[in-house]
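Please keep the 3D view at hand while you read.

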Amino acid sequence: DDDDDDSDDDDSDDDDDTAELLRELQKIKQERADEAAQRQAERAAEEDRIRTEAIMQGNPLLRGGGDFSVKRRWDEDVVFKNCSRQQDLENKEKRFINDTLRSDFHKRFMSKYIT
């Protein structure tokens, strides 16, 4: 009878040890899952910060401290700018020619680039 009691005690001890190990395993799995979730949240926060920073640096209006004046060419303040061009356009009649070889555009192109 003593042998049967010892084996029952061993079985219950084994069951207790197994249950304890399973609890420990679940605890470890939970800790790892929590750590992975925390790492994922930190990574997402870092990516969001980097994206926001890139957006802020990409827009000159949000950067601040910049010179927003419009760059001007050296000849923009000339009074009589492109006068000859304007006169040519006013004096010339607009006409439509259905033949592409005799059109004004084709004649100008040929005179400019070919001859």
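The secondary structure of the protein chain amounts to four helices and zero strands, and along the sequence the pattern reads α-α-α-α. Helices (H or I, at least four residues) and strands (E, at least two) are DSSP runs, numbered from the N terminus. This is a predicted model, in which local features need pLDDT of at least 70 and side-chain atom pairs count only at pLDDT 80 or more, while totals for chains, interfaces and linings use all residues. Residues are numbered from 1 along each chain as its sequence is written, and side-chain values use heavy atoms, with hydrogens and water left out.

**Surface and burial**

Of the 115 residues in the protein chain, 2% count as buried. Buried means under 20% relative accessible area, exposed means over 50%, and partly exposed lies in between (1.4 Å probe, protein chains only). The protein chain exposes about 11400 Å², and carbon and sulfur atoms supply 51% of that area. Accessible areas come from the Shrake-Rupley method with a 1.4 Å probe; for residues, only the protein chains shown count as cover.

**Salt bridges**

Side chains of opposite charge can pair when their charged atoms come close. A search of the whole structure finds five salt bridges, each defined as a side-chain nitrogen of Lys or Arg within 4 Å of a carboxyl oxygen of Asp or Glu. Among them are these:

| Pair | N to O distance |
|---|---|
| R49 and E46 | 2.4 Å |
| E53 and R49 | 3.0 Å |
| D99 and R102 | 3.1 Å |

Which residues does the salt-bridge network link? The network links E46, R49 and E53. R49 and E46 both sit in helix α1 (residues 2–58), three residues apart, about one turn of the helix. E53 and R49 are four residues apart in helix α1, so about one helical turn separates them. R49 is partly exposed, because its relative accessible area is 41%. E46 is also partly exposed, with a relative accessible area of 36%, and E53 counts as partly exposed at 39% relative accessibility. In the pair with R102, D99 counts as partly exposed because its relative accessibility is 29%.

**Two surface patches**

Patches are made of residues with over 30% relative accessible area and no salt bridge; like charges are joined within 9 Å, and nonpolar side chains (Val, Leu, Ile, Met, Phe, Trp, Tyr) within 5 Å. D10, D11, D13, D14, D15, D16 and D17 gather in a patch of negative charge on the surface. Lys and Arg count as positive and Asp and Glu as negative; His and the chain ends are not counted. The place of a charge is taken as NZ of Lys, CZ of Arg, CG of Asp or CD of Glu. D16 is found in helix α1 and counts as partly exposed at 49% relative accessibility.

The nonpolar patch, of about 550 Å², is made by F105, F109, M110, Y113 and I114. Y113 lies in helix α4. Is Y113 buried or exposed? Y113 counts as exposed, because its relative accessibility is 53%.

**A buried serine in a loop**

S103 lies in the loop between α3 (83–91) and α4 (104–114). S103 counts as buried because its relative accessibility is 15%. The side chain of S103 reaches the backbone oxygen of T100 at 3.1 Å.

Note on methods:
Polar contact = N/O pair within 3.5 Å; in protein donor to acceptor, adjacent residues only side chain to side chain.
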